[in-house]
Amino acid sequence: MRASPAVLNQAALSVAAHRRIAPYLHKTPCLPSRRAFTDGTQLLFKAENFQRTGSFKFRGALSKLTTLNTDVPIITASSGNHGLALSTAATITGHKLSVVLPETVAKEKLNKIEALGVETILHSDDSGLAEQHARALAETEGKVYVSPYNDETVIAGQGTIGLELMQQVPHLDMVFVAMGGGGLISGIGSVLKAFSPQTRIIGVSTAHSAALDASIRAGEVVEVTHSETLADGCAGSIDDGAVTLGLATEVVDELLTCSENDIADGVRSIAWEEKMLVEGSAGLALAPWRANRERYAGLTSVVVLCGANFDRETILPVIGGPV
């Protein structure tokens, strides 16, 4: 099916964003799995865990800031990775930045953001409520709010991953992407549906916080119950009228949810079989491939490893379990 004008426009924004931000990016490798396959199966990892700031979020953050004047202060909300990415991008562009984070943010993420000299504001134990607080401060203090996902320019930056994938993998059957607010999957999916429409996009959510999954199925933004999850970067609600809902609804070919055990298994597999330490959201993206590997036999699959900014106290018990 031909991509809609909205998807084609979003893909074009990614092409433009790549021209602006490529000099500052790491073109992250697409690494073949260390597993041995004899049936033509290929499993590869788009290693955004090696991106600047340890996460794909740097792409979207820099994409946004390179379009904003530096004389206006910026504020954002983040469970950690977006805040760190925007803080790092601000050191390049010269913007003054404040970051609102949930009180449950991983300590290492908080420490890294504060080390960059950015103002940090801890608010509530829910990333959705932290986002609402940041929006309120933007209005009262005359700051520009930058959404982690609900922004076409941010999404365009994340979509540059799709442009790199097409260069790195000549024939691409499946791409597995963890879903939170939907910026990553909307960006990658728009690029691939524009330039490689045969590629199937698999959206993977944690069962403990599957707001975008539920909203796509309902055809509108819906509220879901949120519980603590190892994939903390994918936790939280999405905005009413979020641009990601329409984009993700079109570009995602299949929606899957995974349990906390599945996510932990994914993290352990990447640690011990692929020799990389990643955060829970990256383990989430691998989980369905591991659980249904026979279904993907003979196909070329890419798992997007979205980041590696884990909390040590959280990750150590996980990787110590059975593979």
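This is a predicted model: local features need pLDDT of at least 70, side-chain atom pairs count only at pLDDT 80 or more; totals for chains, interfaces and linings use all residues.
Glu273 has a charged partner. Its side chain meets that of Arg35 in a salt bridge, with 2.8 Å from N to O. Arg35 has a relative accessibility of 19%, so Arg35 counts as buried. The cut-off for buried is under 20%.

This pair belongs to a wider set. A search of the whole structure finds 14 salt bridges. Another of them joins the side chains of Glu254 and Arg200, at 3.8 Å from N to O. This pair, too, links distant parts of the chain. Glu254 lies in strand S9 (residues 254-258), and Arg200 lies in strand S8 (residues 200-206). The separation is 54 residues. Glu254 counts as buried, at 15% relative accessibility. Arg200 is partly exposed, with a relative accessible area of 34%.

A further salt bridge lies within one helix. The side chains of Arg268 and Asp265 meet at 2.5 Å, N to O. Both residues are in helix H10, 3 residues apart, which means that about one helical turn separates them. An α-helix has 3.6 residues a turn, so residues three or four places apart point the same way. Arg268 is buried, with a relative accessible area of 10%. Asp265 is partly exposed, with a relative accessible area of 26%. Elsewhere, salt bridges that share partners join Lys46, Glu48, Arg59 and Glu164 into one network.

Helix packing was examined next. The axes of helix H3 (residues 81-93) and helix H4 (residues 107-115) come within 9 Å. They cross at roughly 20°. H3 is therefore roughly parallel to H4, as angles under 35 degrees count as roughly parallel. The crossing of H3 past H4 is left-handed. On the H3 side, the contact is made by Asn81, Gly83, Leu84 and Ser87. On the H4 side, Lys109, Lys112 and Ile113 take part. By type, the residues of this contact divide into 2 nonpolar, 3 polar and 2 charged.

After H8 comes Gly219. The phi of Gly219 is positive, near 80°.

Gln10 has a relative accessible area of 1%, so Gln10 is buried. Which residues does Gln10 contact, leaving aside its neighbours within four places in sequence? The contacts are with Glu152, Ile155, Ala156, Ser190 and Leu247.

Terms used. Residues are numbered from 1 along each chain as its sequence is written. Side-chain values use heavy atoms; hydrogens and water are left out. Axes are lines fitted to C-alpha atoms, for helices over the stretch in contact, and angles run from 0 to 180 degrees between N-to-C directions. Helices (H or I, at least four residues) and strands (E, at least two) are DSSP runs, numbered from the N terminus. Angles under 35 degrees count as roughly parallel, over 145 as roughly antiparallel, 65 to 115 as roughly perpendicular and the rest as oblique. A crossing is left-handed if the near helix is turned anticlockwise from the far one by less than a right angle, and right-handed if clockwise. Contact means heavy atoms within 4.5 Å. Ala, Val, Leu, Ile, Met, Phe, Trp, Tyr, Cys and Pro count as nonpolar, Asp, Glu, Lys and Arg as charged, and the others, Gly among them, as polar. A salt bridge is a side-chain nitrogen of Lys or Arg within 4 Å of a carboxyl oxygen of Asp or Glu. Buried means under 20% relative accessible area, exposed over 50%, partly exposed in between (1.4 Å probe, protein chains only).
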